[in-house]
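These are my notebook entries on one protein structure. I wrote down what I looked up, in the order I looked.

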Amino acid sequence: MKIQFLIVTAMGVAAVIVGSVFTAYQLYKLVEIDAESRGLKHPRLWGAFSLAGNNSSGLLLYLLGRRKYPVIALTKERQAAKGRRKKKIGVSFAFQAVGAIVFILSMFFADMM
């Protein structure tokens, strides 16, 4: 009986990890699109920099620094891509939440058995 709870716990942890990686990738691409549309040099570096730090300090610095650069080239295609990336981030947050709930409940019920 305990092995089933261990498997379900591992599945919950895996869902949280996959959701976290997917969120990080979508955030990277979102910042890259934004940096390109503002004409910043090295948009991929800005995307990677936004993921730096345990407390999202890189993203915060990017958001503060980008205010000096207005949007100069945001095409309809890039605007649609930004919208899709935002929706995908929402889905990945939901994936993380479900994984965390499965993990917590499986640990709780494993202790009860």
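Where does phenylalanine 5 lie? I found phenylalanine 5 in helix α1. Helices here are DSSP runs of H or I with at least four residues, strands are E runs of at least two, and both are numbered from the N terminus.

Before going on, I noted the ground rules. The model is predicted, so I kept in mind that local features need pLDDT of at least 70 and side-chain atom pairs count only at pLDDT 80 or more, while totals for chains, interfaces and linings use all residues. Residues are numbered from 1 along each chain as its sequence is written, and side-chain values use heavy atoms, with hydrogens and water left out.

Entry on the whole protein. I counted 4 helices and 0 strands, in the pattern α-α-α-α along the sequence. The radius of gyration is 18 Å, well over the 13 Å that the globule rule gives for 113 residues, so the protein is more spread out than a compact globule. That radius is taken over C-alpha atoms, and the rule is 2.2 Å times the number of residues to the power 0.38. I also noted the span of the C-alpha trace along its principal axes, about 60 × 30 × 15 Å.

Entry on burial. Buried means under 20% relative accessible area, exposed means over 50%, and partly exposed is in between (1.4 Å probe, protein chains only). Buried residues are 28% of the 113 residues.

Entry on phenylalanine 5 and serine 106. Is phenylalanine 5 buried or exposed? Phenylalanine 5 is buried, with a relative accessible area of 16%. Serine 106 belongs to helix α4, residues 76-112, and is buried at 4% relative accessibility. Contact means heavy atoms within 4.5 Å. With neighbours within four places in sequence left aside, serine 106 is in contact with Phe5, Val8 and Thr9. I then checked serine 106 against alanine 35: they are 71 residues apart along the chain, and their C-alpha atoms are separated by 42 Å. For the protein, I looked at contacts between residues at least 6 apart in sequence, and 76% of these join residues at least 24 apart.

Entry on the core. Which residues make up the largest nonpolar core? I listed 5 residues: Val31, Ala35, Leu40, Leu59 and Tyr62. Such a core is a set of buried Ala, Val, Leu, Ile, Met, Phe, Trp, Tyr and Cys residues joined through side-chain atoms within 4.5 Å. Two or more of its residues come from each of α1 (2-37) and α3 (57-65). Tyrosine 62 touches Val31, Asp34, Ala35, Arg38, Leu40 and Trp46, not counting residues up to four places away in sequence.

Entry on two loop residues. Histidine 42 is in the loop between α1 and α2 (43-50). Its phi is positive, about 55 degrees, although histidine 42 is not a glycine. Histidine 42 is exposed, at 56% relative accessible area. Serine 56 sits in the loop between α2 and α3 and is likewise not a glycine, with a positive phi of about 60 degrees. I marked serine 56 as partly exposed, at 41% relative accessibility.
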